[in-house]
Amino acid sequence: MNFSTMCKRAAALLLALFLFTAWPVPGRAAEAPLPDAQVLIVYSDEASEGMVEDAYRVAELLTYEGISAVFAPASRCRGELSRYGHIVFCRVETYPRSILQEMSDLEKAPQTAGGAGRPAFLFLGNPFLKDYLDSTGRGERYTAFGEATGVLAYEFPGLESSRALTRLDELIFLKGERDYEAGTLAAGQETGYFCCRQGTITHICADGLDEPLVLSAFSGELARWASDGAERSFRARYLVLDKIYPFQDPEQLYETVKALAERGTPYTISVMPVYTHGDYPAMQRFCEVLRYAQSRGAAIVLHAPLDQMTDLSVDALNQAVSQAVSAYVQQGVYPLGLQVPENWLMNSDTAEVMSRFRTILVSTDRDERIAADWEEKGGNRILGGEHDWIAPAAALDELDDGYAIAASTATYLDIRQSQFGFSRRVEACEQSAIPLQSLWDSAHSFYTNSDTMTYGRGELTVNGRRVSTVFVPTEYDEAFSYGRNQLQRFSWDLTEGSRKLITAVSAVSVVFLVFLFLARQSNRRRFLYEKEDKEEYWANKR
Amino acid sequence: MTLADCLSLYAIIAIWGLMFLNIFLSVGGFTYMLKVNKKEREKRARPDPAIDYPMVTVMVPAHNECIVIQKTVLALLNFDYPPDRYEIIVINDNSTDNTAQVLMEIQKKNPTRRLAVINTDNIMGGKGKSNALNIALSISTGSVIAIYDADNTPAPDALRILVENLMEDEKLGAVIGKFRTRNRNASLLTRFVNIETLAYQCMNQAGRYFFFKLCTIPGTNYVIRRSIIDEIGGWDTKALSEDTEISFRLYRMGYYIKFMPLAVTWEQEPQKLKQWFKQRTRWAKGNLYVLLKNFKYVFDPEAGPMRMDVLYYGLVYILMLTSLICSDTIFVLGVLGLCSVTLGGFSTLLWVMAILLFELNVLITLAVEKNEFSTENAFLILLMLFTYSKMWVAVVVNAIIKSIQDAVYHKETVWDKTERFDETQSGTIRSKT
């Protein structure tokens with residue numbers, strides 16, 4: 001080894017040592033603060049899937065109220081509580097002890113004139129409230145009952161009391177004077193409240209949000225708490241004929257539409273998207289029924305693309321929605337909003353797709369292709385504040401005559417069920433204390449890649465032109481050419497092939513990169529130490 | 001499924017099929033190149049005194065080549081092959097320029113060397129490369145024939161390396177070397193040709209040889225046994241691609257051809273589009289002729305490994321041409337909004353992946369060469385994909401039309417000589433036909 005080589009190696013070694021010592025250690029960096037929001041939802045460390053889902057459910061309910069919410073496990077919220085005016089402790093079981101002290105300090109903080117400084121706590125469930133009271137020397141302020149099954153009785157404004165069984169985990173009731181109390185919960189010989197408030201603490205002792213009555217009651221109390229006790233009134237309730245497919249037999253839809261029109265029932269039709277062949281006679285007949293329904297007071301909404309798509313990028317989804325809207329608009333059918341599966345609220349991409357529609361109807365369906373990423377992306381703030389949300393109604397009885405009183409809700413009906421069952425459900429909705437409303441009574445708007453729509457004060461404007469929903473019968477082209485040939489009898493899906501191709505391309509790319517490295521190494525040995533430079537080399541070759 | 005869907009599907013399958021065939025060949029070619037560089041470079045570094053080198057006749061057909069012939073002949077005289085064991089025959093084929101004088105001058109300056117010049121007139125000569133080679137064959141004395149084009153400057157060791165390899169196996173009918181672009185920096189076109197030469201001639205030859213012991217004689221820088229040429233009755237004067245034609249005949253006789261990338265020659269490539277188009281049309285016409293003539297052997301079990309080569313040529317010319325036309329047509333119609341593809345799972349990702357693979361595939365062929373692996377060439381590869389490959393489609397379509405015209409009007413096959421350029425003055429190009 002000559003002196004020059006030795007020096008180079010020494011320099012390289014020093015550089016490597018420097019990089020090794022100076023390189024930042026991953027994972028040591030301080031975590032970014034939680035995003036700002038009106039409500040912080042704290043859930044348990046090491047939370048089960050159900051616990052996280054409940055936290056998401058709380059965020060979803062707040063979304064319908066137009067209230068911004070972020071959520072995080074308890075340990076992630078340390079030092080962050082003072083930044084929020086309202087904090088929900090959602091079935092917290094595992095948590096750092098320091099958070100109790102932080103809560104206690106906040107509770108003792110002086111209340112300023114504007115109400116800032118002392119946040120409102122809402123405890124969903126019992127164990128964490130019990131721990132908190134014990135840790136702050138208030139063990140005598142509650143009565144504990146342990147595990148129990150209770151009967152919840154809850155009276156919605158203007159309605160008769162509803163009852164349901166519910167599971168109660170380490171049930172406690174707060175003792176003493178209460179600022180507010182709602183509902184009753186009977187467990188064994190004891191009867192207490194469903195929800196009560198004492199100072200900064202609001203306690204909801206039944207935490208089984210899977211039970212529709214608990215969910216409905218909780219949604220109302222949550223909305224009341226988040227709006228600092230403002231009285232809530234019923235909002236709109238909509239009847240939606242769910243998942244009406246193009247190309248299906250229009251006869252059944254026509255009969256249903258006719259019957260609802262004769263009853264004077266306001267309702268909405270949620271049509272499934274169609275992307276091609278919008279001019280086929282079958283589509284024309286289907287749209288003719290929709291136009292008829294539209295002229296008789298039915299509102300139309302577009303169902304989000306579901307199973308037919310493989311590319312779920314924002315661009316692809318927007319393109320699909322645009323195509324579907326265009327297909328209907330060209331047939332004189334004007335969707336007023338978009339119906340989406342429940343978990344579309346929890347994904348930033350689908351949130352972006354929804355951002356083009358003011359009116360969003362949320363169903364209880366789930367889109368299994370969509371993964372929730374809203375916790376990392378800033379809670380429900382990904383959805384923006386520009387939407388009019390219509391939440392799925394919680395089913396309270398066998399007729400699905402349910403409601404989530406805090407928000408506008410939709411009851412979804414399947415016209416494919418028996419005529420008797422369908423009629424009973426429509427009657428139940430009509431007789432409910434919450435009056436059915438029509439989407440035509442409120443304002444809507446959307447834009448897609450190719451169309452725009454605004455509706456308000458009885459005026460429907462599509463692509464800048466005012467349009468009418470007066471029914472005009474279709475003139476059918478009897479000699480419609482489908483453009484079919486032998487080739488069109490076959491179809492082909494490249495999806496699976498594309499997946500395999502991506503794998504093969506990745507493998508080949510890796511092999512080629514290795515080859516490139518080997519070739520460079522080999523060339524280095526062959527050429528690098530030759531004494532001819534590039535120009536001499538070429539000159540010799542010429 | 002619409003017609004656009006069917007054509008797209010065909011294009012996707014054909015292009016990806018050819019892509020993976022090419023990748024397969026590149027993997028083999030790369031392995032072979034590394035193996036040769038590692039094991040043979042040292043072995044072939046200098047003449048081996050223990051070898052009894054055979055007599056070689058180096059043939060150079062030349063038609064109006066006064067611009068380049070001097071450099072070529074001087075390079076041939078500079079071989080490190082034993083001077084008494086090879087002769088050079090230049091066939092000055094009906095030239096109307098001063099090629100004869102240039103050659104005479106060289107002869108005068110090298111009186112001790114075995115350099116013969118055959119000057120033909122328009123009666124005896126002027127009938128193409130095959131005819132010129134047959135004339136040279138009639139006076140040659142070598143047991144091995146080496147062919148060089150008139151625009152070549154072979155490396156001093158090229159002939160020796162080729163012959164040493166040929167002598168190592170009696171079943172070897174011919175050994176071919178590598179050719180590089182001498183004027184690669186002359187224009188954008190020559191840069192494209194340089195990359196094409198390395199990727200699709202050199203690396204593909206190496207891959208086919210590595211996997212199947214299959215090669216196609218490239219027309220220059222190769223040696224072949226004299227006995228074989230005699231047995232097949234000389235070169236086919238009807239074939240424009242006499243090299244491809246002779247390759248097929250050689251395989252049918254039970255011989256095989258070896259690719260030896262250490263034997264390098266540098267040749268001048270067309271610098272202008274018009275000349276390039278003319279030359280490539282001639283090649284394509286020749287290859288189509290050979291393909292049609294030999295396609296029957298694909299189904300002949302006795303044709304041996306050449307069946308695979310015929311099939312390979314068939315794939316390149318039929319599949320690639322039609323699939324590129326289909327995909328480009330659908331792309332253009334799609335942009336104009338006149339058609340759309342409704343295949344499930346069809347996305348631009350397929351094309352992006354194809355471009356990525358194409359880029360990587362060509363890059364590894366450049367990586368084994370000196371001074372070729374560069375950002376500039378990486379960019380040129382992309383540019384080639386969108387320009388040069390489209391020009392290739394135009395060339396083949398033109399060749400098909402011309403071939404049909406020739407067949408309909410019974411036109412005689414004419415060797416359309418490629419225009420040469422003077423490279424002596426930097427920055428200026430003088431052309432000569």
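On the surface of chain B, the residues B:Phe331, B:Val332, B:Leu333, B:Val335, B:Leu336 and B:Leu338 make up a nonpolar patch, and together they have about 620 Å² of accessible area. The model is a predicted one.

In soluble globular proteins, nonpolar side chains tend to be buried together. The largest nonpolar core here has 150 residues, and those touching the most other members are A:Ile41, A:Val58, A:Phe194, A:Phe218, A:Ile269 and A:Tyr328. Helix H8 (residues 314-329) of chain A gives the most to this core, with 9 residues. There is also a second, separate core of 131 residues, including A:Ala519, B:Leu288, B:Ala354 and B:Val395.

Chain B also contains helix H1 (residues 3-43), which has 41 residues. From first C-alpha to last, H1 of chain B reaches 58 Å, close to the 60 Å expected at 1.5 Å a residue. H1(B) has a kink of about 35 degrees, centred on B:Asn37.

Two loop residues have a backbone angle to look at. A:Arg457 is not a glycine, yet its phi is positive, at about 50 degrees. A:Arg457 sits in the loop between strands E18 (452-456) and E19 (459-462) of chain A, and is exposed, with a relative accessible area of 87%. In chain B, B:Lys213 is not a glycine either and has a positive phi of about 55 degrees. B:Lys213 lies in the loop between helix H6 (188-212) and strand E7 (222-225). With a relative accessible area of 41%, B:Lys213 is partly exposed.

Note on methods: Residues numbered from 1 in each chain as written. Chains lettered and ligands numbered in written order. Predicted model: local features only at pLDDT ≥ 70, side-chain atom pairs only at ≥ 80, totals over all residues. Heavy atoms only, no water. Helix = DSSP H or I, 4+ residues; strand = E, 2+ residues; numbered from the N terminus. Expected span 1.5 Å × (residues − 1). Bend = angle between axes of the 7 residues up to and from the residue. Patch = residues over 30% accessible without salt bridge, like charges linked within 9 Å, V, L, I, M, F, W, Y side chains within 5 Å. Areas by Shrake-Rupley, 256 points an atom, 1.4 Å probe, with all protein chains shown as cover. Salt bridge = Lys/Arg side-chain N within 4 Å of Asp/Glu carboxyl O. Core = buried A, V, L, I, M, F, W, Y, C linked by side-chain atoms within 4.5 Å. Buried < 20%, exposed > 50% of the residue type's maximum accessible area, 1.4 Å probe, protein only.
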